[in-house]
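Dear colleague,

Please find below the structure that I am handing over to you. A summary of the findings follows it.

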Amino acid sequence: MSLHQRIGQGIDFHRLEKGRELWLGGINIPSDKGCIAHSDGDVLIHAICDALLGAAGLRDIGFHFPDTSSEFKNIDSKILLKRTVNLILEKGYHIINIDSTLCLEEPRMSGYIDKMCSTIAVIAGIPSNAVAVKATTTEKMGFTGRGEGIVAMAVCLISELMPDR
Ligand SMILES: [Zn+2]
């Protein structure tokens, strides 16, 4: 018997630069540095998009939203997530849950986690408790530890069957 469930994984990296806005999980976070990117640089949403696309066998974010296209210049990554979710639904899948982790030295994320989860959940059309965002520093080690960049990782589960909520 097939369970009709598929798992997906995504990872994204962006360089940080002083004087840019920091967008993570669809919200603006006060910071003296933000991500360098063609879009708004929301590394967390990008990792989630890749997890969803991977689960559905739909290539990756760069394939659907190329950074060579002016259409996506400075685009709000929430729009990319919405379009990704629509691709998943069009393929006949439902999103069961999304789990994710941010790696960055600062600012501290604890005060923003709930808002990120609810923002992502609304776009994904799933309950807030089906979205998890975690954050860790790398103990001052490596490029994240030196504040040169951010890493985001995400996994998701999708199903052909409607989930029991
Ligand atoms: Zn990205």
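How many disulfides does the count come to? The model is a predicted one, and in it the count comes to zero disulfides. A disulfide is a covalent bond between the sulfur atoms of two cysteines. For the count, the two sulfur atoms must lie within 2.5 Å. The cysteine sulfur closest to that of Cys 49 belongs to Cys 156 and is 10 Å away, which is too far for a bond.

I turn next to the metal site. The zinc ion is coordinated by Asp 12 through OD, His 14 through NE2 and His 46 through ND1, at 2.0 to 2.1 Å. Along the chain, these donors follow the spacing D-x1-H-x31-H. Asp 12 is part of strand β1 (residues 5–18), while His 46 is part of helix α1 (residues 43–55), so this pair ties together parts that are 34 residues apart in sequence.

As to accessibility at the site, Asp 12 is buried, its relative accessible area being 17%. His 46 also counts as buried, at 7% relative accessibility; the threshold applied in these assignments is under 20% relative accessible area.

With kind regards

Note on methods:
Residues are numbered from 1 along each chain as its sequence is written. This is a predicted model: local features need pLDDT of at least 70, side-chain atom pairs count only at pLDDT 80 or more; totals for chains, interfaces and linings use all residues. Side-chain values use heavy atoms; hydrogens and water are left out. Donors are N, O and S atoms within 2.8 Å of the metal (3.2 Å for Na, K and Ca); water is not among the atoms, so sites may look incomplete. Helices (H or I, at least four residues) and strands (E, at least two) are DSSP runs, numbered from the N terminus. Buried means under 20% relative accessible area, exposed over 50%, partly exposed in between (1.4 Å probe, protein chains only).
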